[in-house]
Amino acid sequence: MTTTAERITATPDAAPARKKKSRKFSPWGVVAWLAGLGFFFPVFWMVLTSFKQESDAATNPPKLFFVPTLDQYSAVFNQGIGPAMLNSVFATGMSTILVLLLGVPAAFALSLRPVRKTSDALFFFMSTKMLPVVAAILPLYVIVSNIGLLDNIWALVVLYTSMNLPIAIWMMRSFFLEVPGELLEAASLDGASLWRSVREVILPLVSPGIAATALICVIFAWNEFFLAVNLTAVNAQTMPVYLVGFIAGEGQYWAVLSAAATMAALPVILCGWFAQNKLVRGLSFGAIK
Amino acid sequence: MKLTMLRKLSVCLAAATLTLTAGCAGAGSLGSSENEVTIALVSNSQMADAQKLSSEFEKANPGIKLKFISLSENQARAKITMSTAMGGSQFDVVMISNFETPQWAKDGWLLNLSDYAKNTPGYDEADFIPSLRDSLSYKGNMYSVPFYGESSFLMYRKDLFEQAGIKVNPDPSYQPTWQEVADWAKTLKTDDRAGICLRGKPGWGEVLAPLDTVINTFGGRWFDDQWNAKLNSPEVKEAVNFYVNTIKESGELGASSTGFQECANLFGQGQTAMWYDATSAVSVLEDPKTYPDLVGKIGYLPAPIVKKPNSGWLYTWALGIPKAAKNPDGAWKFISWMTSKDYMKLVGENLGWARVPPGSRTSTYTELPEYEAISKSYGPLTLQSITNATPNKPTVQPVPYTGVQFVGIPEFQDLGTRVSQQISAAIAGQKSVDDALAQAQQYAEVVGKSYQEK
Amino acid sequence: MTLTADTGADTGAKEVAERVRKIREAQDVGVSRAEGWRRRGPLLPALIFMIAVTQVPFLFTLYYSTLSWNLVRPGSRRFVGLNNYLAVIQDSQFWSVAGNTVILIVGVVLISALLGLLIALLLDRAFLGRGAVRTLLITPFLITPVAGALIWKTTILDPNNGILNWVLSLVGIGPVDWIGQFPLAMVMVELIWQWTPFMMLLILAGLTSMPRDQLEAGRVDGATAFQLFRELTLPHLRRFIELGVVLGAVYLVNTFDAIFMMTQGGPGVASANLPFYIYQRAFLGFDMGQAAAMGVVVVIFTMIIASFALRLIFKSFSGKEEAA
């Protein structure tokens, strides 16, 4: 047990590759920088546009220098961004918690203790994602309306959970598979109950993986648009729906839309940026070896 | 295992915070109070203005709380239609148009608003422009009331016309012909400027709006009075070929994804010399804050014609109350505020007279001197275009439907969108006009048949 | 006793695996019913939840697919059996849209996986500001798809005021109507932009977790970089790539936002995919029966294709299981 623990701390991040310290200039580094800037550019432009007046936003040639203004942001805030933000936080957070509560045991059952027809169960989970939500939206609308959950954030919580659960189970099962089976066997042979060995031994091993899965679920739930726009009205509006309200049919909207989009994306971007280390570590499920 | 304790604690904390936010968030609304009014709007600038000013309404009506949801046109339409058709009570006030109102009134999905209007002193239902009022009525009663209305006309750059030596007939009853307009466009086209901007974006409310008026004035029609589809008739072919060729020769680049929004931008930036589109475009173009360079340079002419005069379209965004609304009285209070004469004054005084919702009440053009002063170049023409529009007799030959730029049947949303996609493909040069119209004819025949069988 | 030093890892692991296998076999034989339930137990909550939340709507959808029901023509609802399915099969546009969907999924997944691989390889080396570059690179995946699609459509690809055409004009290439001429390609470009970071992260994780000593040994033996890559790196990465491909494909089957925002499926149906086409039937035509029937057809086809793909992946996964 202790040797495994030692192994974990000596993660590959500290691997000998780091001998070449970052100060070295390399042509591949330049290429990487170009790729990074290129991918980031549309986001940069979006944030830039959010500080423009509408007449500066759509010009030929595109304007890099202009007189910045906060008008667009005040327009975004004046239309009541608070409730939408809260709704998004709640729907995303709650559904992610539910996904973890339901998914971790399921992934566990599908990996460490092989059940007959494991692949069938996994296939079933994946198959639930094959029906386009678009085709099921009317039945969903009817059902949700009959239950009285129309325009209620809990409807979204339940649906987002069902949307993310298959992906989460799939991912977490891979992490659980990496745990050496003999750990578990050794623990239960020691007389410890299954639950204790799970909690004290296995969960810490896969927790980076769980964190990674949770982050992916957060990203998908936060950015979900179609269900939100159809099943909510004024009370349970989420950020993507709020964002679309800035697309004016007649009139300029590029700048104010950029401002709204920046606000909508900000929480997830900050989450992602800070958690990316966790994400990479969690996803590198070979780390345990 | 301090880590797990910390982790547990943070999870508990997170869960607690979340449940707290549930209280603030939209969790479980246990039946809205009597005094809440839920309003679904389309996100155009005039509606955004109304939302901004809604605090005035709440001040004048203490105890009534307004809740808005604002979506882009397609989304709003889909959502409002789904909710209303299923008899839902999600919304107290819905924003619909003269496309839905007669159909939904007939289906019994909307409340009769003339009853309310009669009992509201000073509302003056008769002040609404007659053609608009008719288009929103069923059996003599109004089932939605207009917030703003529009027809279509031709906008052009007076200075560019002068430079090119084009003289415009100053007679007030003059309506240019499409051939004239096409010639002007050819003269005005340069390498970085289109001669004219015409919509080409797919959508029954996008490319089909101007195209249908062209079809109508060329003598074409969608269906004959026996509901036979007529989309590959010689008149329609001539009209569509004219439209597509004009775009190809003197129109804007990327026409197949150009809608109102994009043309407005092009015109505003000086990248097109003419633009045939909605009269409400003035809200964008004549705003000195957005396009200060354009002030005084824009000229206006009635919608171009060929065989049929007065070919401008007729459209209005209006407010109605679904049958199952939870708070119809509160809904009417809000609607009557938002469509009243006083509201026009409110907008003018607070946000500027250029932002007054155009084209709904005659009194906007006759009783508001400040508005008259700034709208000299386009106001009278707007009123004239809307008044003279002929939705009940839109074509030269007889037709079994009403509507100038649309066919007033529920199937039209789908049929129109599919046909518009074909036209758009023709504009993009991906198929010939004949092929596009042949495919469109097939779609229309299916719909026509279902009406023949009725 | 269990895990020892590097050099002995292989043989040690094999012995352990053998022991574990024997123990498992012993436990499998004559497993009590109680034990079986205990094993399946943790799976049940998730299973029950999914069945309740997804199968009920699916059954409704099946039911609606047998009706001819137009939402805005009240009184038109009646049972027509399999007529809707016949109409779907005869609808040539449905099949061309299905083709678009396949092209879209395959293209986006393959290209973003490839790009992700290349960029991950770049990021695997140390250089100045590596962390910053990685941060920049993952941002597209975090942006709301609706917002991302709009940004591409309006600020980058707009034929008159977009940045792409402006840049091209600097080198003398005339303005191109990107969305009008190449609608499906543009949608794919936007999707690739959003999904490459995800693939890159997965593959980067795989690269980081690769034992370096094997590479060193290979290098000492005189293998070229390419041989090392092909023989050692790629097999190790295979699992990660597969995970990315599966997740990406599953998500992209349903992709809707990008097409809705960028092209509305046009011109014609050149860039429509199945979800968008179904959306138009449901929300423009309000033809609920047709939309439901299309949904069911999509499910059937996706299941057929997926079952082949998943069985393939499962073979490799369970192969790894034994080795563990």
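A surface patch, as the word is used here, is made of residues with over 30% relative accessible area and no salt bridge, where like charges are joined within 9 Å and nonpolar side chains (Val, Leu, Ile, Met, Phe, Trp, Tyr) within 5 Å. The structure is a predicted model, in which local features need pLDDT of at least 70 and side-chain atom pairs count only at pLDDT 80 or more, while totals for chains, interfaces and linings use all residues. Residues are numbered from 1 along each chain as its sequence is written, chains are lettered from A and ligands numbered from 1 in the order in which they are written, and side-chain values use heavy atoms, with hydrogens and water left out.

We can begin with chain C, where C:Ile89, C:Trp95, C:Ile300, C:Phe301, C:Ile304, C:Ile305 and C:Phe308 make a nonpolar surface patch of about 750 Å², the areas coming from the Shrake-Rupley method with a 1.4 Å probe and, for residues, with only the protein chains shown as cover. The most is given to this patch by helix α15 (residues 288-323) of chain C, with five residues; helices here are DSSP runs (H or I, at least four residues), numbered from the N terminus. C:Phe301 has its place in that helix, α15 of chain C, and counts as partly exposed because its relative accessibility is 41%, given that buried means under 20% relative accessible area, exposed over 50%, and partly exposed in between.

Chain C also meets chain A: 108 residues of chain C are in contact (heavy atoms within 4.5 Å) with 118 residues of chain A. The area buried between these two chains, which is the accessible area (1.4 Å probe) that two parts lose on being put together, summed over both, is about 10,300 Å², and carbon and sulfur atoms give 76% of it. On the side of chain C that touches chain A, helix α3 (residues 43-64) of chain C gives the most, with 16 residues.

Side chains of opposite charge can pair when their charged atoms come close. B:Lys52 forms a salt bridge with B:Asp49, with the closest N and O atoms 4.0 Å apart, and both residues lie in helix α2 (residues 45-60) of chain B, three residues apart, about one turn of the helix. B:Lys52 is exposed, at 52% relative accessibility, whereas B:Asp49 is buried, with a relative accessible area of 3%.

Another salt bridge joins the side chains of B:Arg77 and B:Glu73 (2.8 Å, N to O); because they are four residues apart in helix α3 (residues 73-85) of chain B, about one helical turn separates them. B:Asp124 and B:Lys341 form a salt bridge too, with 3.0 Å between the closest N and O atoms. This pair links distant parts of the chain, 217 residues apart, with B:Asp124 in the loop between α5 (113-118) and α6 (130-135) of chain B and B:Lys341 in helix α14 of chain B.

A last stop is B:Gly359, found in the loop between α14 (341-351) and α15 (363-366) of chain B and counted as buried because its relative accessibility is 0%. Its C-alpha atom is separated by 8.8 Å from that of B:Phe128, 231 residues apart along the chain.

Methods
Helices (H or I, at least four residues) and strands (E, at least two) are DSSP runs, numbered from the N terminus. Buried means under 20% relative accessible area, exposed over 50%, partly exposed in between (1.4 Å probe, protein chains only).
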